[in-house]
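Dear colleague,

I am handing over the structure below, and I would be glad if you kept it open while you read the notes that follow it.

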Amino acid sequence: MSNIVKGILLMLISSIGFACMTVFVKLSGDLPVIQKTFFRNFVSAIIAFILVIYYKESIFGKRENQLVLLGRSIFGTLGVIFLMYAIDNLVLSDADMINKTSPFLVIIFSAIFLKEKILPFQMATIITAFIGMLFIVKPSFSIDAVPYFIGVLSAVFAAAAYTLLRVLGNRENFYTVVFYFSFFSTVTLFPFLIIIYKPMSGKQFLFLLLAGLFATVGQFGITLAYKYAPARDVSIFSYSTVFFTVILSFAFFGEGPDLYSLIGYVIILSAMLYMFFKGRKLVP
């Protein structure tokens, strides 16, 4: 099996992991968003800690990387909190697709903060993806629009976190990065958890543990995929999460995207496909 095939399979496994995470988060019911985020990242922290110790890596990273690691953790935590809210209040596939616009935002943030040049075709795909997102969000001034805008915020903060990951590059092992983020999130959210904690049934607790487990599968899967194959060869397969989420959403909740959302999906996926194949042509 070639490394590219391994990368694609790992990306698909990652997508299934993230799709299952969203299902178990929603199945956990009307628990506070902070509580769901805490348990989701607490499980990731435990698994990442075991791997860090097993491979004898640094737990909190190098001193010179602390500011970037901290920023990535702050933005990542906010992104997950907003994503949890969107999952609870939107059709799962809508929440997932809005969050999947973060790669386009990374291009913008990288241009602003890392001084990377935006190529004309990239700007075209960003504008196209934004139009597609409008079909999903269906902006209005009613209270019904709030979950959609919070979903957009989840994509913005996720993009900020991914931009800082670009800054980190290979300066830290991915086990360390995942543990730092998960540990920061659980420690930061713990005081809020004490205040707003809502008693859980055994089933709700199990669902949150499973959400954390599958989120960890998603995180490690995507990281290892990029280890085996270049981003230009496997990144497009991360969007398979949306298809898995649509299937699971319908199977578990009888939910499905409306016509406008489906149009938005097609527009965004088309933009991503164009950027993917155009980028491949530019890379020798």
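Please keep in mind that this is a predicted model. I begin with Thr163, which counts as buried because its relative accessibility is 5%, and the cut-off for that word is under 20%. This residue sits in helix α7, which covers residues 146-168, and, leaving aside residues up to four places away in sequence, Thr163 touches Val106, Phe109, Ser110 and Leu114.

I then turned to charged pairs. Side chains of opposite charge can pair when their charged atoms come close. How many salt bridges does a search of the whole structure find? The search finds five, and I describe some of them here.

One of them joins Lys26 and Glu255, whose closest N and O atoms are 3.2 Å apart. Lys26 lies in helix α1 (residues 3-27), whereas Glu255 lies in the loop between α11 (240-253) and α12 (259-282), so this pair ties together parts that are 229 residues apart in sequence. Lys26 is buried, with a relative accessible area of 16%.

Another joins Asp258 and Lys138, with the closest N and O atoms 3.3 Å apart. Because Asp258 lies in the loop between α11 and α12 and Lys138 in the loop between α6 (120-137) and α7, the pair ties together parts that are 120 residues apart in sequence. Asp258 is partly exposed at 34% relative accessible area, and Lys138 is partly exposed at 28%.

Finally, Lys100 forms a salt bridge with Asp96, the closest N and O atoms being 3.8 Å apart, and both of these residues are buried.

Methods:
Residues numbered from 1 in each chain as written. Predicted model: local features only at pLDDT ≥ 70, side-chain atom pairs only at ≥ 80, totals over all residues. Heavy atoms only, no water. Helix = DSSP H or I, 4+ residues; strand = E, 2+ residues; numbered from the N terminus. Buried < 20%, exposed > 50% of the residue type's maximum accessible area, 1.4 Å probe, protein only. Contact = heavy atoms within 4.5 Å. Salt bridge = Lys/Arg side-chain N within 4 Å of Asp/Glu carboxyl O.
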